[in-house]
Amino acid sequence: PTSAQVSVVPHSGRFCYTLDNDLLTTEQRQFYEDNGYLLIKNLVSDEDIERFRKEFTRICKREVKPPGVMIMKDESLRSQFGQSEKVVNKVQDFQEDEELFRYCTLPEVLKYVECFTGPNIMAMHTMLINKLPDSDEQTFLHPMHQDLHFFPFRPASRIVCAWTAMERAHQDNGCLVVQPGTHRTTLKPHGYPQWEGKTNKLFHGLLDEDEKIPKVHLVMEKGDTVFFHPLLIHGSGINRTSGFRKSISCHFASSECHYIDVKNTTQEHMEKELQEMVYKKYNATSVALKDIWSFRARLVQGERINL
């Protein structure tokens, strides 16, 4: 059982971003309310993390080929390496890989997710990130962004990301960087940063970043998990070490969320780019953004309603 006995009442007066539950303390709820993220120490076991690591290696070597999975490579290294961990910076959409998808069903993760989404939970977007040692070109610096830019469903307050460190994440190997409190702002225009060198596909960032807003580097130990709001402005720095900084994450949403039309919004160019990638990968001629997300989404708890 994963239920944290969450009330479907959105909040009791002072809380807008968490649901009434018997798991989070008042202090934890207030921290998320104020900052837009909550770090839970030592949540995922070493044993599970090791299983995820082994499956990632198998996917990189093409020993397993889960349907729908997107293997994303560092553009600056494409010509240097074949199929290896040294070039793969992300395995995305692993919802059909039963071993990696176990992460999205871990009771210890879901009991926290439910405090933000309610009992009907969809896994909407899955990633295992393998942050490569970076060159001077800073190819794998991820610009500051809001995840809601990529999502055509609402309301934002019923969406939460769970992000688990698969080894110690710190400033030297490019840990997460957040701007606390920015989850209370609106969705801002995103695009490709004006950097030298190649930029990886869909690494959109804020077009107008406010440098005055303080940034916090989230130093995390292996197994630590941070839950954060999709409007929280965040990114990750350069991996200045010789190792690979791995993390596994899933964006969860209440199945009662609904799809929106992003045409004539700041998200419209993201829709076109994602559609073009799907056309190329599946040799399709037409596909709706809603259908792409319906294909990715998978129920993990409760009942599938809208998404």
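**Charges, rings and a helix**

Lys-212 is exposed, with a relative accessible area of 74%; exposed means over 50%, buried under 20%, and partly exposed in between (1.4 Å probe, protein chains only). The model is predicted, and local features need pLDDT of at least 70, side-chain atom pairs count only at pLDDT 80 or more, while totals for chains, interfaces and linings use all residues. Residues are numbered from 1 along each chain as its sequence is written, and side-chain values use heavy atoms, with hydrogens and water left out.

Lys-212 has a partner. Its salt bridge is with Asp-210, and the closest N and O atoms are 3.6 Å apart. A salt bridge here is a side-chain nitrogen of Lys or Arg within 4 Å of a carboxyl oxygen of Asp or Glu. Asp-210 is partly exposed, at 34% relative accessible area. A further bridge joins Lys-215 to Glu-211, with 3.9 Å between the closest N and O atoms. Here Lys-215 is partly exposed at 37%, whereas Glu-211 is exposed at 59%.

In total, the structure has 16 salt bridges. One of them joins Arg-51 and Glu-99, at 2.8 Å from N to O. Arg-51 lies in helix H2 (residues 46-60) and Glu-99 in helix H3 (residues 98-105), so this bridge ties together parts that are 48 residues apart in sequence. Helices (H or I, at least four residues) and strands (E, at least two) are DSSP runs, numbered from the N terminus. Arg-51 is partly exposed, with 36% relative accessibility. Arg-51 and Glu-99 also belong to a network of salt bridges that links them with Asp-48 and Arg-102.

Next come the rings. A pair of aromatic rings is described by the distance of the centres and the angle of the planes. The structure holds 9 aromatic pairs, counted where rings of Phe, Tyr and Trp (its six-membered ring) have centres within 6.5 Å; planes under 30 degrees apart are stacked, over 60 edge-to-face, and the rest tilted. Among them is the tilted pair of Tyr-32 and Phe-116, with 4.5 Å between the centres and 45° between the planes. Tyr-32 sits in helix H1 (residues 26-35) and Phe-116 in helix H4 (residues 107-117), so the pair ties together parts that are 84 residues apart in sequence. Tyr-32 and Phe-116 are both buried. Ring pairs also join Tyr-32 and Phe-116 with Tyr-112 and Phe-227 in a cluster.

Charges can also sit over rings, which here requires NZ of Lys or CZ of Arg within 6 Å of the ring centre and within 35 degrees of the ring normal. The charged end of Arg-296 sits over the ring of Trp-293, 4.4 Å from its centre. Likewise, Arg-298 lies over the face of Phe-101, 4.1 Å from the ring centre.

Helix H5 (residues 268-282) has 15 residues and spans 21 Å from its first C-alpha to its last, close to the 21 Å expected; the expected span is 1.5 Å times one less than the number of residues. Its buried residues include Met-270, Leu-274 and Val-278. The buried residues of H5 pack against strand S2 (70-73) and helix H6 (289-296), where contact means heavy atoms within 4.5 Å. Just after H5, Asn-283 takes a positive phi of about 55°.

Cys-60 is buried at 1% relative accessible area, and Cys-115 is buried at 0%.
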